[in-house]
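The entries follow in the order I made them.

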Amino acid sequence: MTAVGFCGEWFIFTCDKKLVAIHTKQARESFVFDCGTAEKKPKNAKEDNNSDGGASEETGSDKVLAFTVSPSGKLVALTDDSKRLVLFRCEPSWQCISIRWVVRRCTSLMFSQAEDKLLATDKSGDVYSFSVVEPQRDGELKMGHLSMLLALSMSPDDKYIITADRDEKIRVSHLRSPYNIQSFCLGHQQFVSALLVPSGHPNWLLSGSGDGTMKLWEYESGHKLQSWDLAETPSSESDKQKKPTVCRIASSPDARHVAVQCERVSTVQFFTLDQEGDDKLVPHSRLSLPHCPLDVTFDLEGRLWVLMDSSDAPLQVYTHKQDSWECDAESLELSRVTKAFKPHWETLEASTRTDNRFEHLYKVSFDNVTAYLQKKQQRVEEQQLKRGMAQKANGNKKAKKETSGAVPRSST
């Protein structure tokens, strides 16, 4: 997974097996964590004895699957394809606090607002809670879905945990007793790929999906406030047969802007949230990019950092000026980050950068009714043809019998 984010003034990006942190303000040494050289999972003798024929345990590729930053910007966590869960402290200096192991490969991570818990969702639909205070403690199973979990969020007061799955469902559960479901937010037609409780609006939830829409909810009641079809925008490059997948919803720290990124679409769309108006979700502007974005994030100053599928200029910074977003190519922070960023980026293959995470999640519909009706019509026609041929053959036989059985009259 190729992704970007901010941990305080540290710019963080993940690519292939690495997490790299670069300070944007000071000339501090970059921090690099390579999962390929990290601690391996210790073998369990009991499991080895019980294994059939001594079969070795499945090994992962060490690729980073997800990472998250704590609300204070002091902690970072990542998970990889080898089922590691790594916890870092970034201030006063970077330090790996612990390496733990998850049961199944994770899809998303999130710290609680109190930063005492780290929640992880996995491909089997389970949510585990890992202690931050006790960094060596194993995870605790909190809840489960019947489908793969794709996105995770929490209410700002740590009261609710919000989970989204492949089967279009968004579930709002009580964090302390997850078996107690508060509400469901239902309405998407495809998998839900992104969730965000926007800054400044603690009772609202934004969700993005493979159906090409972004929806606004009052998540505590499950009431849908508004829906916006991203495929209807004039600048959309998505194919008409398949709507764009929302892969990132980001909110600026001052709560003024919401940026929406769709997979394989070279446009970032901006919205504002209006608490008082009839339309709560208001389109603001669109930012056309020279290449398709791989990920977007806001820094503490409200600037948008965009990582693009490009070898020459993969990273750009955009500043909001007079109702539009302008590229800040002269940014000193961008120059500092790009200088440290480029060597890691150049080692990646193009196919690794643009790995499609959502293509296999679309539900395939089979129209077997049409095929059945076509075959039925074909059978009816064949039966009618056989019946007609049989009637014709019987008619011919009858005519022959009548001809052969007739007695010729003699003339006198």
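I call a residue buried under 20% relative accessible area, exposed over 50%, and partly exposed in between. The model is a predicted one. I looked up Asp62 and found 9% relative accessibility, so Asp62 counts as buried. Asp62 also has a positive phi of about 70° although it is not a glycine. I placed Asp62 in the loop between α1 (45-50) and β5 (64-69).

I then turned to Gln322, where phi is near 50°, again a positive value in a residue other than glycine. Gln322 sits in the loop between β27 and β28. With 80% relative accessibility, Gln322 counts as exposed because the cut-off for that word is over 50%.

Entry 2, the hairpin around Gln322. I checked the strands on either side of this turn. β27 (residues 315-321) and β28 (residues 324-327) run antiparallel and are joined by 4 bridges. The two strands form a hairpin with 2 residues between them, and Gln322 belongs to the turn. Across the pair, I noted Tyr318 opposite Cys327 in β28.

I looked at omega and logged a cis peptide bond between Glu91 and Pro92, with omega of about 5°. Pro92 is in the loop between β7 (84-89) and β8.

How many cavities of 30 Å³ or more does the structure hold? I found 1. The largest cavity contains about 40 Å³ of space. Its lining is made up of Val102, Val103, Arg104, Cys106, Ala120, Asp122, Tyr128 and Phe130. The elements that give two or more residues to this lining are β10 (117-122) and β11 (126-131).

My search of the whole structure gave 16 salt bridges. Arg104 pairs with Asp126, and the closest N and O atoms are 3.9 Å apart. This pair links distant parts of the chain, 22 residues apart: Arg104 is in the loop between β8 (95-101) and β9 (106-111), and Asp126 is in strand β11. Are the two partners buried or exposed? Arg104 has 38% relative accessibility and so counts as partly exposed, whereas Asp126, at 16%, counts as buried.

I next took Asp229 and Lys243, whose side chains meet in a salt bridge at 3.5 Å, N to O. Asp229 lies in strand β20 (residues 223-229) and Lys243 in the loop between β20 and β21 (246-251), so the pair ties together parts 14 residues apart in sequence. Asp229 has 17% relative accessibility and therefore counts as buried. Lys243 is partly exposed, with a relative accessible area of 38%.

Ile181 lies in strand β16 (residues 181-185). Its relative accessibility is 34%, so Ile181 counts as partly exposed.

Definitions and conventions: Residues are numbered from 1 along each chain as its sequence is written. Side-chain values use heavy atoms; hydrogens and water are left out. Two strands pair if DSSP finds at least two bridges between them. Buried means under 20% relative accessible area, exposed over 50%, partly exposed in between (1.4 Å probe, protein chains only). On a 1 Å grid over the protein atoms alone, a cavity is a set of points where a 1.4 Å probe fits but cannot get out, and a pocket is an open set with protein on both sides within 12 Å along at least five of seven lines; lining residues have an atom within 4 Å of a point. Grid points are joined across faces, edges and corners, and a volume is the space filled by probe spheres set on the points. A salt bridge is a side-chain nitrogen of Lys or Arg within 4 Å of a carboxyl oxygen of Asp or Glu.
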